[in-house]
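Visitor: Could you walk me through this model and tell me what stands behind each label you use?
Guide: Gladly; let us look at it together.

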Amino acid sequence: MNIVLMGPPGAGKGTKADVMARNLFVPHISTGDIFRANIKAGTELGQLANQYISKGDLVPDEVTLAMIKDRLAEDDCAKGFILDGLPRTIGQADALEAILAEQGKQLDKVVNIDVPEELLIARLCGRRVCRNCSQTYHLENNPPTEAGRCDECGGELYQRADDSEETIKNRLEVYRAQSEPLIAYYEQKGLLLSINGNQTINNVLMDIGKGLGQNW
Ligand code: AP5
Ligand code: MG
Ligand code: ZN
């Protein structure tokens with residue numbers, strides 16, 4: 001199954017995508033995670049992307065689209081993928097369609113996780129991420145067993161640099177202006193599955209499963 005997972009910053013895309021990918025035996029491809037891995041490794045791509053990510057702006061298309069084209073061509077995507085964080089503009093959506101068509105593929109579903117804006121800031125400010133394996137926690141909603149330590153691997157938990165209040169505000173503005181129009185775009189194409197993201201993590205996952213015809 002070829003799936004795009006959409007939603008505003010903090011909607012819970014990464015949290016849900018990890019579980020969905022494990023259940024569907026397909027890779028979870030997060031553009032944000034790929035950029036952050038490159039920033040950590042100090043690559044040229046990471047240095048360039050960081051100039052935009054640190055402000056909450058979108059990384060330029062020529063960089064992002066080339067990166068995702070290569071990633072989708074990898075062998076592990078043959079049976080499907082969960083794409084988290086792309087497309088973020090109508091232009092990226094058109095480009096994604098063309099990239100997939102070149103590979104003889106198309107999207108099966110676009111899952112949009114809908115969360116009221118007033119909840120997003122609290123979700124992002126309380127988020128903590130494992131430095132080692134990228135597992136995501138929340139200080140109140142989904143805390144680790146031991147404070148500051150990852151349940152999965154014991155790694156140190158940190159706060160993402162773009163989870164400061166000022167950067168969050170810009171990310172939300174960028175989302176509203178550039179990404180929200182994708183909801184109507186995919187609805188028109190008959191691909192949209194809209195999910196109420198203002199529920200517990202398990203209930204959101206159950207609704208996504210039902211919508212995709214999966215029993216997880
Ligand atoms: P990216 O990493 O994709 O950030 P984002 O879209 O802002 O989304 P987040 O990762 O912040 O949120 P999420 O929806 O994954 O939520 P999560 O599951 O962590 O992108 C970062 C940057 O990279 C962008 O700003 C841009 O600069 C650049 N970029 C990326 N893609 C690009 C593209 N295509 N083009 C150009 N630039 C691009 O959950 C959030 C918190 O809530 C966690 O603490 C979690 O535990 C908690 N939580 C999750 N679900 C629930 C629930 N149901 N109930 C209660 N709490 C929950
Ligand atoms: Mg994410
Ligand atoms: Zn970990």
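Guide: Let us start with a definition: the radius of gyration is taken over C-alpha atoms, and the globule rule is 2.2 Å times the number of residues to the power 0.38. Please keep in mind that this is a predicted model, in which local features need pLDDT of at least 70 and side-chain atom pairs count only at pLDDT 80 or more, while totals for chains, interfaces and linings use all residues. Residues are numbered from 1 along each chain as its sequence is written, chains are lettered from A and ligands numbered from 1 in the order in which they are written, and side-chain values use heavy atoms, with hydrogens and water left out.

Visitor: How do you know whether the radius of gyration of the protein chain agrees with that of a compact globule?
Guide: For 216 residues the rule gives a value near 17 Å, and the protein chain has 16 Å, so the two agree. The C-alpha trace spans about 45 × 40 × 35 Å along its principal axes.

Visitor: How many helices and strands are there in the protein chain?
Guide: The protein chain has nine helices and eight strands. Both are DSSP runs numbered from the N terminus, helices (H or I) of at least four residues and strands (E) of at least two.

Visitor: Why is Cys150 called buried?
Guide: Buried means under 20% relative accessible area, exposed over 50%, and partly exposed in between (1.4 Å probe, protein chains only). Cys150 has 4%, so it is buried. Cys133 has 37%, so that residue is partly exposed.

Visitor: Why does Val129 count as buried?
Guide: Val129, in strand S5, has 7% relative accessibility and therefore counts as buried. Leaving aside neighbours within four places in sequence, Val129 is in contact (heavy atoms within 4.5 Å) with residues including Ser134, Thr136, Leu157 and Tyr158.

Visitor: What is the largest nonpolar core made of?
Guide: A nonpolar core is a set of buried Ala, Val, Leu, Ile, Met, Phe, Trp, Tyr and Cys residues joined through side-chain atoms within 4.5 Å. The largest has 22 residues, and Ile3, Leu5, Met20, Ile82, Val111, Ile208 and Leu212 have the most contacts inside it. Among the elements giving two or more residues to this core are strand S1 (2–6), helix H1 (13–24) and helix H9 (201–212). Apart from it lies another core of 21 residues, including Ile68, Leu96, Tyr185 and Tyr186.

Visitor: Why is Asn112 called buried?
Guide: Asn112, found in strand S4, has a relative accessible area of 3%, so it is buried. Among the residues Asn112 touches, beyond those up to four places away in sequence, are Met6, Tyr175, Leu192 and Ile195.

Visitor: What backbone features deserve a look?
Guide: Most residues other than glycine have a negative phi, and most peptide bonds are trans. The peptide bond from Leu86 to Pro87 is cis, with omega near 5°, and Pro87 sits in the loop between strand S3 (81–84) and helix H5 (90–102). Phe25 is not a glycine, yet has a positive phi of about 55°.

Visitor: Why does Phe25 count as exposed?
Guide: Phe25 has 74% relative accessibility, so it counts as exposed. Ser134, also not a glycine, has a positive phi of about 70°; at 38% relative accessibility, Ser134 counts as partly exposed.
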